[in-house]
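Here are my notes for you, point by point. Keep the viewer open while you read and click along.

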Amino acid sequence: MTERELEMYFGPQHMGMVGNFGITLTVKGDRILKAKANPGYLHRGFEKLMELRTWTQNSPLVCRVNVMEPHSMEMVYSMAVEKLAGIKVPMRAKYIRTLTLELSRLASHLFGCWAYANMLGFDTVAQWAMYHRDLILDLFEDFTGGRVYPIYIWPGGVRRDLPDGFKEKALNVLHEIRSKISDYDATFFNNKLFYDRAKGIGKISQEEAKNLGGTGQILRGNGVESDIRKIEPYAAYDKIDFEIPTREGGDAYSRVWIIRDEMIQSVHIAMKCLEQMPEGSVYNKVPNPFKWKIPKGETYVRVESSRGELGLYMVSNGGDKPYRVHFRTPSYPHGLTILEKILVGENIADVGNIMISLYVTPPEIDR
Amino acid sequence: MNKSLKKKLESDFDSSVEILEKNGWTITANKNQVLDILRFLKGEGFDYLALISCVDWIEKGEFELIYILSSYLADKEKMHLILKTRIPRKKPDFETTIHIFENAEPYERELHELFGVNFNGHPRLEPLFLDRNYKTPPFRKDFDTRKYVEETFGSIKSVEGKK
Amino acid sequence: MDRNQITKWIKNPKKMGSKYSLWAIYFCTGCGIIEIPPILTSRWDAERFGIKPAPSPRQANLFLITGYVTLKTLKAVVRTYEQMPDPKYTVGFGSCPINGGMYWDSYNTIKKLDKYIPIDGWIAGCMPRPESIFIAVTHLWTMIDKGIADGYEKYKEKYFYYRKNQEKALGELDWPPLHPMKKKEEGQ
């Protein structure tokens, strides 16, 4: 009996795919010989659309690049505009921005826990993770105005101050999540089944990760302590003490364990922000939005999103609209070059497992 | 250390270095020297290619290719370098940088599809995002997207009223 | 259960059965997918409405198109829709399928989904709340009761026009027509 090579489509409509992304696999039996990523299902031509709208009109548009974590996109756009236009941000706004970004990172990691636990079949942990994420979305609705698309961080600061009674509500939610991490450990992270199914799967060495442009959990899962919040601090990260968790191994097991460690650090940073927040104004006024022209120049800013290094290259021509905008998203090298390399030699049943442990988000790839 | 790097870049290669801010430099180079400068910078420790981008300066008739480099090493990771070069818009040909930085492959594919820049030596220049051919590559400044939407999607009639 | 329901079940068990157990196909089309996992989990709980995710289009009868549809996605959406068995219902979620939404001037997204597949109802918002899906489902039940949720019948009757629109947007289609392509003459 001879086996032959077949080409199959692990396409967008599949229970193992989170997001609208396709992979074309060449398989022999159950083993994968070659993988080809098939992006483009979510391409909107974002950067072209941003050239047709003014600097202020781009604020509602820019949070929609990555739907799982919209706050980092707004942060990186505001940082680029502030650098080009020379606008300063008051201190209270910096602390509120740090709080928003850490809550957003926590919500994104809980969504990742839902997706990964569902993929392995741990439904109970998936339901808990979604519930805790919903508590954070309730907080977002309180102070930003929207559950998913907030339009809160804008050039000059943030849009409005925190409402009364917010600090107690936020501390309650953060204490609740922190106290339940031991339940997550007992059910999922310390479970022998998780160890059996994730150890040694999707392995990538440190040198290969650096050659292929990996950042975020892919590097930290190989023992490299690299985080842009410590390299080039922005917002109020230089005033708060926190650790960067790392693990050895480079496989799916260590990457998902780092997600759990980062959740604990995010809760710690958010609580410190609420305690240390100074008084003051929350935004510096920008010029009249109908006539705001920014002087000529270019800049590259970067931020640590929950998936890796998120950067923005922006060029201004002295007009009232951006001349060229290019997002450097972390899922671009992870989902295209690294995914194609890692999948060779693995089983078909592990494709969803590997894709979610690499923390790839398709809208970031296509923009 | 940084001063000597700046001097070396300006004297050995035909380039001019401008310091935009404390840790961000802009290096403007001649298009024939770009590959040599990239090899030199990789040897100096800048081994992380963050982005390859392109800007369409339609009034001057040029495309500007941008290479943004940074480093994984502890003493250089704060810096980022923006390397710029210009190629003519009528015939946008350039060399691929895959043998220097392995992760340049999808960036060059995207620029080929959206701007029409041809990278000689690239193993796989097939479409990445788009499913159909456009007369002008869509990210160029002379592609009017609102007019295209009117013509293509506005001309399709809805089915409701038909018997 | 009160006495009205018993007579309804005896008269038309097929309609009542399909109404109270709509299985939604698991296809994440656009950015509205972020509000679907909260629906399927314990806080908002769609299973008390009878909705659960179905893995294959052959087992599903509700298609929630969550968000904007690009040209590549439209191919996948039409193929998935044509594989679902009758009776099937589609709901457009978000303001992008209605008239293009935020991306009204993008060269790669379609502006009005109604021209390519039949839609039974729309949910407006960017991003709508999870409760709006439940309100939409109760509206859909009323429509099924009255017999006006007949998108799949319209697709069969006017298939010629739907297929022509799909070919105009996507170019040559590489799957054969699902229903016979007959163009009704004027006055018939």
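1. Leaving aside neighbours within four places in sequence, B:M79 is in contact with B:N23, B:S70 and B:S71. Bear in mind as you look that this is a predicted model.

2. Where does B:M79 sit? You'll find B:M79 in the loop between strand 4 (62-70) and strand 5 (80-88) of chain B.

3. Now hop over to chain A and its helix 12 (residues 331-342). This helix is mostly covered, with ten of its twelve residues buried. Among the buried ones are A:Y332, A:P333, A:L336, A:I338 and A:L339. What do the buried residues of helix 12 pack against? Within chain A, their partners are strand 3 (31-38), helix 9 (217-220), helix 13 (351-357) and helix 14 (362-366), and chain B joins in with helix 3 (105-115).

4. You'll meet A:L339 again in the largest nonpolar core. That core has 190 residues, and A:V76, A:L339 and B:L69 touch the most other members. Its largest share, 17 residues, comes from helix 4 (residues 91-120) of chain A. If you click on A:V76 and skip its neighbours within four places in sequence, the contacts are A:V301, A:V303, A:L310 and A:L312.

5. Next, helix 4 of chain A and its partner, helix 11 (residues 252-276) of chain A. Their axes come within 9 Å and cross at roughly 155°. Angles over 145 degrees count as roughly antiparallel, which is why helix 4 of chain A gets that label relative to helix 11 of chain A. The crossing of these two helices is left-handed. On the helix 4 side, the contact includes A:Y95, A:L99, A:L103 and A:L106, while helix 11 brings residues including A:I259, A:M263, A:V267 and A:A270. By class, this contact has 14 nonpolar, five polar and three charged residues.

6. An α-helix has 3.6 residues a turn, so residues three or four places apart point the same way.

7. Helix 5 of chain A contributes residues including A:H132, A:L135, A:I136 and A:L139, and helix 6 of chain A contributes A:V173, A:I177, A:K180 and A:Y184, among others. The residues of this contact divide into eleven nonpolar, three polar and three charged.

8. Finally, look at where chain C meets the other chains. The contact between chain A and chain C takes 27 residues from chain A and 29 residues from chain C. Which helix of chain A gives the most to the side that touches chain C? Helix 5 of chain A does, with four residues. That side of chain A divides into 16 nonpolar, seven polar and four charged residues. Over at chain B, 13 residues are in contact with 18 residues of chain C. The chain B side there has six nonpolar, two polar and five charged residues.

Note on methods: Residues numbered from 1 in each chain as written. Chains lettered and ligands numbered in written order. Predicted model: local features only at pLDDT ≥ 70, side-chain atom pairs only at ≥ 80, totals over all residues. Contact = placed C-beta atoms within 7 Å. Nonpolar A, V, L, I, M, F, W, Y, C, P; charged D, E, K, R; others polar. Core = buried A, V, L, I, M, F, W, Y, C linked by C-beta atoms within 7 Å. Buried ≥ 20, exposed ≤ 12 C-beta atoms within 10 Å, placed from the backbone. Axes fitted to C-alpha atoms, helices over the stretch in contact; angles between N-to-C directions. Parallel < 35°, antiparallel > 145°, perpendicular 65-115°, else oblique. Left-handed = near helix turned anticlockwise from the far one by under 90°.
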